[in-house]
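Subject: Structure handover

Hi,

Here is the structure I promised to pass on. Please open it alongside this message.

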Amino acid sequence: MALQPAFRFLLRHLPATISSIFPKLSIPVHRKLSILNSSSPKPISPTTQITWRAAKENKLVSDKDERFGNGTVSSAESVVNSSTIAAIVTSLCGPPAAVGIVRLSGPSAVSIVGRVFRPASKKKRRGPDWSPVSHVVEYGVVVDSHGNVIDEVLVVPMLGPKSYTREDVVELQCHGSEVCLHRVLRACLDAGARIAEPGEFTLRAFLNGRLDLSQAENVGKLISAKSVAVADSALAGIQGGFSSLVKSLRAQCIKLLTEIEARLDFDDEMPPLELNPVIDEIRGMLQEVDDALETADYDKLLQSGLQIAIVGRPNVGKSSLLNAWSKSERAIVTEIAGTTRDIVEANISVRGIPVTLLDTAGIRDTDDIVEKIGVERSEAVATSADVILMTVSATEGWTLEDEKLLERIQCNKSGSSSTPGVLVINKIDCAPSSLCDWVNTLSSSFNKHVFTSAVSGQGIPDLEAAIIELAGLNRIPTGGRKWTVNQRQCEQLVRTREAFIRLKSSIEEEIPLDFWTIDLREAALALGQISGEDISEEVLSNIFGKFCIGK
Amino acid sequence: MPCNPAVGGPAKSQLVHEVDALGGEIGKVADRCYLQKRVLNISRGPAVRALRAQTDKREYASEMKKIVESTPNLSIREAMVTDILVGKNDNVEGVCTFFGMNFYAPSVVLTTGTFMSGKIWVGKASMPAGRAGESASHGLTENLQQLGFETDRLKTGTPARVDCRTVDFSGLEPQHGDEEVNWFSYDPDYHLEREQMCCYLTRTTKSTHQLIKDNLHETPTYGGWVEAKGPRYCPSIEDKIVRFQDKESHQIFLEPEGRSVPELYVQGFSTGLPERLQLPLLRTLPGLENCSMLRPAYAVEYDYFPAHQCLPSLMTKKIEGLFFSGQINGTTGYEEAAAQGIVSGINAARHSAGKSLIVLERETSYIGTLIDDLVTKDLREPYRMLTSRSEHRLFLRSDNADNRLTPLGRDIGLIDDRRWKIYLDKKARILEEKQRLKTTRISGGDLAAEITEVSRQPVRDSSTLESLLKKPHVQYKILDKHGFGNNLLSRMDKECVEIDIKYEGFIVRQQNQLQQMVNRQHRQLPDDLDYYAMTTLSHEAREKLSKVRPRTIGQARRVGGVSPADVTALLIILESNRRRAHEERKHQMLTSIMADANQEVSESPLKETISP
């Protein structure tokens with residue numbers, strides 16, 4: 001009974017005490033401590049606002065001069081808040097999920113999403129900037145830098161501090177396919193986000209005061225695994241040709257910087273700099289980065305594979321082609337037109353790249369409800385595939401229906417970049433190829449044409465060669481660079497490339513030499529991050545990536 | 001001015017402008033005493049454009065002395081200081097001189113130059129001296145060592161001086177000053193043009209190289225009796241010849257040291273050769289065949305105190321009120337000394353007055369960059385300011401030093417009403433002009449034609465003047481020429497306008513990056529961190545951080561031997577500590593509330609037991 005007042009006291013006062021008094025208390029305590037610890041008055045920076053001539057320079061110097069004597073950084077203030085990070089946060093392994101999430105966190109999360117997101121609601125579209133209400137879901141589409149629609153999404157804005165990282169967080173809920181997610185992520189990166197290191201969201205959450213003490217201690221322990229992790233991260237994914245390329249690019253940047261800056265500091269003591277070799281070298285480096293970025297596409301193919309849709313009128317031998325190519329009896333083949341009603345998939349491997357063949361219902365106007373759905377699906381598949389194989393029969397030649405079908409496919413694709421198409425003239429065993437002169441009149445509609453016979457297997461190697469060429473794979477030099485560029489390296493290369501492109505335009509616009517150093521520095525920094533020479537956050541993020549903390 | 005009486009040059013000129021913007025003297029005196037002025041790097045970008053002045057060393061010294069002697073409330077006392085008087089709380093109380101006099105002061109600034117245990121070398125011969133003809137100071141180093149300061153030695157040198165009356169200039173390439181003279185000071189009262197003198201260019205010859213190669217064993221470095229190498233940016237002539245064998249000739253500049261002095265400075269020709277070889281060596285240079293030498297080249301060795309022992313206010317960490325400034329911190333150069341001088345001077349005065357000390361952050365100025373490098377990095381050669389030392393140099397331009405620092409100078413009382421008005425007026429003029437250029441449009445005409453020609457870009461109808469100024473190679477002058485300029489603006493004002501408009505894109509981008517960097521790096525580090533206890537830091541980082549004790553994360557990041565991984569580890573430790581402290585306080589508060597409550601509870605029954 002006697003304890004009751006105490007409990008009541010606690011219940012009444014505790015929440016308020018803890019939530020309000022403590023944070024306020026903590027700062028003065030720190031201040032006092034630091035005053036006690038030092039025998040001298042602390043140097044402080046001026047508290048005055050230094051007004052800059054240009055308004056744009058206004059913020060530069062002093063308004064954040066909370067230097068000495070101002071206590072420690074309060075927990076609400078985010079620490080690593082300089083950049084905005086983005087990543088696909090749902091699993092990409094296993095079968096594609098219905099929904100996948102791209103998450104952004106950082107001070108520009110809202111403005112970056114504003115650049116890629118077009119709300120469906122007209123009311124919301126009116127303002128110049130996207131200004132979301134925290135924790136209110138919006139529906140719309142994501143567009144790439146050219147304005148093409150990539151995916152329809154739900155956007156969940158969670159403005160700081162009421163978010164996982166205490167920064168502004170925006171989640172884009174996309175369709176779950178890997179291609180969709182990568183495209184959305186790429187759009188965000190192009191709009192200015194940086195790809196998140198593994199575990200970086202958790203790291204930010206921690207550094208911004210989100211996780212509890214025991215978790216904080218785990219973090220401390222994990223750090224002691226640092227040396228091991230450094231070695232791991234330095235090795236992971238950065239081996240062989242790629243690392244030496246990056247090293248040499250970086251060394252080149254540093255070399256050029258040295259050349260230029262030496263002139264700036266020791267003007268009269270150095271022979272004049274010859275600009276043409278410098279410009280050539282910069283062009284050369286840009287080319288190398290471009291080449292490396294091309295392999296990034298190859299890398300994506302290795303991971304997610306190619307989707308190839310086989311389309312055509314009924315009964316031109318699409319299913320036979322699938323069976324012949326996949327050396328299986330996946331699809332039912334009959335003489336009856338319209339046998340295939342649904343999409344039939346077969347997985348094959350073309351020169352090591354996973355390829356999914358999609359056999360579709362023959363596209364025609366039909367009254368059969370089931371077949372009608374099949375036709376609709378065929379068209380949908382044709383829209384999303386990486387390569388379309390338009391199959392015709394050599395015996396019948398190019399018919400009016402084929403023409404219509406081609407139009408139909410092309411019309412569905414309008415707006416987005418065109419999918420490469422291959423014209424497959426099947427049943428070549430039944431008709432001599434000399435009869436197929438009409439093929440040449442269609443060369444503008446297709447990237448390639450191939451003669452095949454699904455029955456004999458004739459022409460299948462030609463078909464594979466055509467696919468390889470279309471996917472850009474033959475541009476990868478055989479040997480020499482058997483390395484691949486992963487998403488992160490790709491992002492760094494993109495940054496390097498941006499710097500080089502700016503540099504090139506500086507040169508073309510005859511901007512003074514000093515400005516060249518700005519972008520050279522940036523390129524060197526970006527390259528440094530890939531090769532693990534500047535692995536600051538990388539190491540830690542690897543730790544966070546390897547060990548699941550805080551979730 | 002014991003070395004070349006030149007002021008400015010890349011990065012150094014920015015220091016001079018900055019000191020002037022804060023209300024310092026070096027720029028004004030250099031403007032008043034110049035013999036020749038030139039702008040270097042003129043076409044290489046506004047951030048590296050640098051004014052360099054050759055000054056009259058005698059006039060400079062006397063002008064400076066005059067300023068010191070005429071400053072109100074400043075009393076002067078000359079003596080050799082041998083001891084620092086330290087109070088009970090490790091605070092400075094004053095100094096004690098060689099003859100046993102005590103002088104008391106709440107703040108003391110040590111600016112020992114090359115005098116502290118100084119020793120000058122000519123060839124193998126040496127004598128104790130601060131500089132030629134002036135004696136060294138002894139005793140202070142030992143005293144400071146006893147107080148726990150770490151000391152080390154540095155070496156620098158100066159070339160021979162020749163009598164200009166014995167030099168035949170007729171065959172030498174003259175180097176004239178600029179026709180349009182530029183100024184260090186933002187105060188137009190000091191912009192007084194005067195007649196300029198010429199510098200001359202000569203070159204080393206085959207016989208120079210031969211003479212040096214034949215006598216390498218007589219030089220300290222190659223003879224092997226001096227280990228310490230001179231600064232890399234100031235190589236001796238023997239170094240140049242040995243290291244760049246394929247170069248047949250090196251440039252040598254002959255620079256006058258005054259209007260009324262015969263001395264000629266032989267730039268690029270410092271040497272460690274003995275005196276008997278120096279005259280023959282000089283005489284191998286074209287134009288100097290019959291020269292007479294006034295003073296031989298010599299090297300000077302002196303004590304300095306690695307500046308990680310100082311705070312960025314330049315107050316020492318060990319002794320409150322004691323400030324180090326100039327070569328004692330391991331720098332070289334008048335401009336570097338002036339930059340530290342103004343900071344240590346300001347702070348010594350503020351310390352005496354019980355005010356808070358001023359810190360110029362790295363990204364605000366070259367002064368800030370200089371001091372941050374000094375207090376953070378492990379420097380093993382005399383530190384000279386270079387443009388490449390600043391990551392943010394696009395902001396740290398000579399044209400905006402006043403905008404960066406004059407308001408601060410005003411705040412601390414160094415900028416008087418007159419200067420402040422000049423500053424405000426200039427700012428307003430520039431702002432107004434930029435607005436005018438933004439809103440004034442032209443279509444066709446002579447101006448458009450000339451701009452098309454100069455920039456090789458078409459000019460659209462009704463283009464703003466601003467957009468014209470953004471085009472390559474278009475300068476404000478063209479607007480002036482066609483009557484679109486603004487006569488109210490000075491040449492400097494126009495330059496500011498031009499830079500702001502022309503490079504706006506770059507400046508904005510850099511500003512964003514800088515902002516990000518500042519957000520990340522200005523996080524404070526507590527003073528009492530025990531780095532040795534942080535097992536997640538590398539051993540080297542623990543050692544270096546304990547030594548430097550950085551103030552901020554950014555400074556920690558710049559300490560040599562601290563890897564980015566160490567910095568992240570440090571961030572994590574800080575955050576963990578903060579949480580732990582928070583938890584503890586919470587726990588304490590809880591227990592004290594509990595205790596209070598228990599007391600309340602236990603007190604009442606107690607009374608009851610007592611009362612009956």
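Below is what I found, taken topic by topic. Keep in mind that this is a predicted model.

**Salt bridges**

Over all chains, the structure holds 53 salt bridges.

Start with Arg313(A) and Asp402(A). They form a salt bridge, and their closest N and O atoms are 2.8 Å apart. Arg313(A) sits in the loop between strand 9 (306–312) and helix 10 (318–326) of chain A, while Asp402(A) belongs to helix 12 (residues 400–412) of chain A, so the pair ties together parts 89 residues apart in sequence. Are these two residues buried or exposed? Arg313(A) counts as buried, because its relative accessibility is 8% and the cut-off for buried is under 20%. Asp402(A) is buried too, with a relative accessible area of 0%.

Next come Glu257(B) and Lys57(B). Their salt bridge has its closest N and O atoms 3.1 Å apart. Distant parts of the chain are linked here, 200 residues apart. Glu257(B) is in the loop between strand 14 (251–256) and strand 15 (263–267) of chain B. Lys57(B) is in helix 3 (residues 57–70) of chain B. Both Glu257(B) and Lys57(B) are buried.

Arg153(B) lies in strand 10 (residues 152–158) and Asp303(B) in strand 17 (residues 298–304) of chain B, 150 residues apart. Arg153(B) is partly exposed, at 31% relative accessibility. Asp303(B) is buried, at 8% relative accessible area.

There is also a network of salt bridges. It links Arg362(B), Asp372(B), Asp373(B), Lys377(B) and Arg558(B).

**Nonpolar cores**

The largest nonpolar core has 71 residues. Which residues have the most contacts inside it? They are Ile84(B), Leu110(B), Leu144(B), Leu322(B), Phe324(B) and Ile367(B). Helix 10 (residues 366–376) of chain B gives the most to this core, with six residues. Take Leu322(B) as an example. Leaving aside neighbours within four places in sequence, its contacts include Ile84(B), Leu110(B), Leu144(B) and Phe149(B). Another core, of 30 residues, lies apart from the largest one. Among its residues are Leu245(A), Leu256(A), Val278(A) and Leu520(A).

**Helix 5 of chain B**

This helix covers residues 206–214, and Thr208(B), His209(B) and Ile212(B) are buried in it. Seen down the helix axis, the buried residues fall within an arc of 95°, so they line one face. An α-helix has 3.6 residues a turn, so residues three or four places apart point the same way. The buried residues of helix 5 pack against helix 7 (237–243) and helix 8 (275–282) of chain B.

**A sheet in chain B**

Three strands make an open sheet, in the order 1-3-2, with antiparallel pairing. Its edge strands are strand 1 (6–8) and strand 2 (34–40), each pairing on one side only. On average, neighbouring strands are turned by 20° against each other, direction ignored. Strand 1 is joined to strand 3 (residues 50–55) by three bridges. Gly8(B) has Arg52(B) as its bridge partner in strand 3.

**Thr452(A)**

Finally, look at the loop between strand 14 (448–451) and helix 13 (460–470) of chain A, where Thr452(A) is found. Thr452(A) is buried, at 0% relative accessible area. Not counting residues up to four places away in sequence, Thr452(A) touches residues including Leu321(A), Val424(A), Asn426(A) and Gln458(A).

Best wishes

Note on methods. Residues numbered from 1 in each chain as written. Chains lettered and ligands numbered in written order. Predicted model: local features only at pLDDT ≥ 70, side-chain atom pairs only at ≥ 80, totals over all residues. Heavy atoms only, no water. Helix = DSSP H or I, 4+ residues; strand = E, 2+ residues; numbered from the N terminus. Buried < 20%, exposed > 50% of the residue type's maximum accessible area, 1.4 Å probe, protein only. Contact = heavy atoms within 4.5 Å. Pairing = 2+ DSSP bridges. Axes fitted to C-alpha atoms, helices over the stretch in contact; angles between N-to-C directions. Core = buried A, V, L, I, M, F, W, Y, C linked by side-chain atoms within 4.5 Å. Arc of directions from axis to C-beta. Salt bridge = Lys/Arg side-chain N within 4 Å of Asp/Glu carboxyl O.
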